[in-house]
Amino acid sequence: MSNKKLLSCVLAAAMVSTVGIAAGCNKDSGEKLAAPEISVTGNVITWNAVENADGYNVYEGETSVSSQTECSYTITQTTPGTYRYTVVATSTDDKYSSSDKSNTVEYTVPAGDTSTKLAGKIYLVGDSTVCSFNDNYYLPRYGYGTQLFNYINCDANQISNLALSGRSSKSFVSESNYTTLKNSITAGDYLVIGFGHNDQKTDIYTNPNGDKDTEGSFQNSLYTNYVKMAKDKGATPILCTPIVRLNENNDYSGSSGHIVGQVAVGKPGGDYAKAIRDLGAATETTVVDLTALTKADYTALGSAKASDYHCWEKTTNGERDGLDKTHTNLYGAKMNAYHFANAILESENPLKANIRTDIIKPDHDTEYAAGINKNYVEPDYTAPDLSKLTEKEGGWYASAFGDIGDTNNFIITQNVDKSFKIGNETSTAKGKIDSKNDGIACVFKQLDPNQNFTITADVTLTNVVSTASKQAAFGIMLRDDMYINLVQKSINSNSATAGGYTGSSDNDTCVYNYQRLDGKIDVTRSKSGTGTIFTKGDTYTIEMVKSDRTITCKVTKGSQTYTSSYIDVSYTGVDTNHVYLCLFATRGIVATFANVNYVAGSISGGA
């Protein structure tokens, strides 16, 4: 065969092959399917069902790892590294061709931990965003200090969380926990400092303006009491800016981001997070900017999804209710501790050697579910309809409720001089304040939970039938819920009282000021002192001041004054939308409340 004939045969064969290939591609030349939108949670990739698709190819990098009909894929990769996954929608119908690749998601298999075990201790000081709690909420509060152990190579007893709810950098110095810190911290230890939420409160204020040498400034308080103290002890301080408060409009340019206006006359506002950053730069102290980290996180998620980081006090008809925009739940606390750990890894702080190198971002589904209180029971409660009640002068309403036996056992009257006569006048003492139940007669106001106020009253005990029962009480009470003329045991929601209570085991004394917290009366941790048992004719001046989430109670009897403060306690676990301010008496006591002066203050932003 001539060369010319041979070349013709080769060309003909090539043309046949080319035509064959083109014909084969025609099967995928139909309408292109839409690309899936994929996401990854834990080790599971999920995506939307694509219209007209009957299959999906999953790719790890450029390698196909699965051809399937389901809209989810469980990653089985175990070799350390970061892997990228995409999904392509396919169809067996010749009218449709395969989609482009989806968006890419990453999945990291961490290497084993190569960190060094911590040699000393880590001490934490700060406020409610750092400290531990013991709540009975649906999604209870957790500060990020409770979760640092997940990310640090150490034993549990090497982390000492001394943070306290409701404290500022200024007020914490007067606490016994600060004394413990100064007496315990030593060379080689670390001090994590997390203040800023409460330094903007009027009564425990520090000025966000000024430097470390400016008396009364936030920087001066942080430097003198914490940074310098730690360095003088040979310890390493770490400053943390405050986490943001959840903002429904995703706006963290103001108070939600701790940039506040004037707090009060002579108390200017400013940027508290910036003050911390400036102090860190001036003193060569590591700063973990949790304000910036949480702002970025919350902004990317949007407020609805970011609310999953936060405490929810209750449920109503099975739906979560009572969002706390300041305090985090277990999932939120773990996320903030994770932010802290990653920031330290990126710093030059020596603690980075002790941050575990195998940490992974907290998984939403797992950690959110773990934070739900398994013992939570939804309250059976309906707020009173004030339109159906008779209003007394001054905006007060009357009720007797709880463990009272019968509403007829109590008297609630308003005198001509606008004073109130309240209590139990029967010969047998009725009603009670005990370890498990409230049973009182009262007049009350229904208030916004964020309403600040001051109330004072002069109180005279016009009758004291029995004090030996050890369950008698009177005073001004701020409580979570209200019931109208209801006889029912086990009403024991959170409350704070400025007044007297015969809850002591000593028949000759009574406690002045007390609280009920998580169903239990607290007369040990919170009492300001005991006094002689009250008798008929005793007179008192009683005061209660609410400033944000701090309730200050004061009782004056003669020359003796008893004062207690209840800090960062929630009074909206049952009635999410209201709190109730009461003048009350119970258990054989009749009290006259005269010169009652209620002064409404500002509407606060909560804690």
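**Close-up views of helix packing, sheets and a salt bridge**

**View 1. Helix α2 passes helix α3 in a left-handed crossing.** The model shown in this and the following views is a predicted one. Helix α2 is made up of residues 176-184 and helix α3 of residues 218-232, and their axes, which come within 10 Å, cross at roughly 20°. Because angles under 35 degrees count as roughly parallel, this crossing makes α2 roughly parallel to α3. On the α2 side the contact involves Y178, L181 and K182, which meet N225, Y226 and M229 in α3. Sorted by class, the residues of this contact comprise four nonpolar, one polar and one charged.

**View 2. Helix α3 also packs against helix α4, here at an angle of about 40°.** Two packed helices are described by the angle between their axes and the distance between the axes. For α3 and α4, the latter spanning residues 272-283, the axes are 10 Å apart. The two helices are therefore oblique to each other, and α3 passes α4 in a right-handed crossing. From α3 the contact draws on F218, Q219, L222, Y223, V227 and K231, while α4 contributes Y272, A275, I276, D278, L279 and T283. Among the residues of this contact, eight are nonpolar, two polar and two charged.

**View 3. Helices α5 and α7 cross at roughly 125°.** The pair consists of α5, residues 290-301, and α7, residues 330-345, whose axes come within 10 Å. With that angle, α5 and α7 are therefore oblique to each other, and the crossing in which α5 passes α7 is right-handed. L290, L293, T294 and D297 are the residues of α5 in the contact, and they meet M335, N336, H339, F340 and A343 in α7. The class make-up of the contact between α5 and α7 is five nonpolar, three polar and one charged residues.

**View 4. Seven strands make up an open sheet with antiparallel pairing.** Read across the sheet, the strand order is β20-β21-β34-β24-β30-β31-β32. Its edges are formed by β20 (410-414) and β32 (560-567), each of which pairs on one side only, and from one strand to the next the twist averages 20°. Strands of a sheet pair through backbone hydrogen bonds, either parallel or antiparallel.

**View 5. Four strands form an open sheet in the order β5-β4-β7-β9.** The pairing in this sheet is antiparallel, and β5 (63-68) and β9 are the edge strands, each with a partner on one side only. The twist from one strand to the next averages 30°. Where strand β7 (residues 81-90) meets β9, the two run antiparallel and are joined by five bridges. In this part of the sheet, Y85 is found opposite V105 in β9.

**View 6. K32 and D100 form a salt bridge.** Side chains of opposite charge can pair when their charged atoms come close. The structure holds 25 salt bridges. In the one shown here, between K32 and D100, the closest N and O atoms are 3.0 Å apart. K32 belongs to strand β1 (residues 31-32), whereas D100 sits in the loop between β8 (96-97) and β9 (105-109), so the pair ties together parts that are 68 residues apart in sequence.

How values were computed
Residues are numbered from 1 along each chain as its sequence is written. This is a predicted model: local features need pLDDT of at least 70, side-chain atom pairs count only at pLDDT 80 or more; totals for chains, interfaces and linings use all residues. Side-chain values use heavy atoms; hydrogens and water are left out. Two strands pair if DSSP finds at least two bridges between them. Axes are lines fitted to C-alpha atoms, for helices over the stretch in contact, and angles run from 0 to 180 degrees between N-to-C directions. Angles under 35 degrees count as roughly parallel, over 145 as roughly antiparallel, 65 to 115 as roughly perpendicular and the rest as oblique. A crossing is left-handed if the near helix is turned anticlockwise from the far one by less than a right angle, and right-handed if clockwise. Contact means heavy atoms within 4.5 Å. Ala, Val, Leu, Ile, Met, Phe, Trp, Tyr, Cys and Pro count as nonpolar, Asp, Glu, Lys and Arg as charged, and the others, Gly among them, as polar. A salt bridge is a side-chain nitrogen of Lys or Arg within 4 Å of a carboxyl oxygen of Asp or Glu.
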